[in-house]
Amino acid sequence: MLAQTTQTVKTARSARPSNKWLALVVTSLGTFASTVNASSVNIANPVLRGEFGVTMEQVQWVTTIYLIIVSSSMLLLGRVGDRVGSHRVYITGLAVFTVGSLVCGFSGNFVMLLAGRGVQAVGAAMLLATSMGLVATIFPLEQRGMAMGLNVLMVGLGNMCGPALGGLILAQLE
């Protein structure tokens, strides 16, 4: 029994990606992008209101729809990641987030912008729900706390940098 357990641990270690630091960078960038996206749009609300000719109450939905979808779907998407593989859900989330970003960027009306934000939010939830599990799986126990801490740091940095980055983008576009 002990030999079988030891073999299982060795197999799990050898199944880890050889470049765990690259995996940490990728998952951290996904986490950062998801949180920057949530916090950067608030600064653009007056511009969006004027661009689409909607009320301020309506434009608040651009932020609200993202937060509602992310927060309500993370648990489910984390479970899906447990079932089908976190790496698959993460990669799919990256693609969905990118498609949602493109829809937002090319939206010609307010409804299309809201739909793009919804798609973006599903992708962000997929990224956020699986990134920590991926980091925990990839890193050995003695490095896991540091790696997870760096990943969580991206949440704070994303929320902190979002308004400034949103302001810089708006300044360049106007």
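Author: The expected span of a helix is taken here as 1.5 Å times one less than its number of residues, and helices (H or I, at least four residues) and strands (E, at least two) are DSSP runs, numbered from the N terminus. This is a predicted model, in which local features need pLDDT of at least 70 and side-chain atom pairs count only at pLDDT 80 or more, while totals for chains, interfaces and linings use all residues. Residues are numbered from 1 along each chain as its sequence is written, and side-chain values use heavy atoms, with hydrogens and water left out.

Helix α5, covering residues 86-105, has 20 residues and reaches 28 Å from its first C-alpha to its last, close to the 28 Å expected at 1.5 Å a residue. Its buried residues (under 20% relative accessible area, with exposed meaning over 50%, for a 1.4 Å probe and protein chains only) are S86, V89, Y90, G93, F97, G100 and C104. Seen down the axis of α5, these fall within an arc of 95° (that of the directions from the helix axis to the C-beta atoms), so they line one face of the helix. An α-helix has 3.6 residues a turn, so residues three or four places apart point the same way. The buried residues of α5 pack against α2 (20-40), α4 (56-84) and α6 (110-138), with contact meaning heavy atoms within 4.5 Å, whereas R88, I91 and G105 are exposed on the other side of α5.

As for the whole protein, the secondary structure comes to seven helices and zero strands, and buried residues make up 37% of its 174 residues. Among contacts between residues at least 6 apart in sequence, 76% join residues at least 24 apart.
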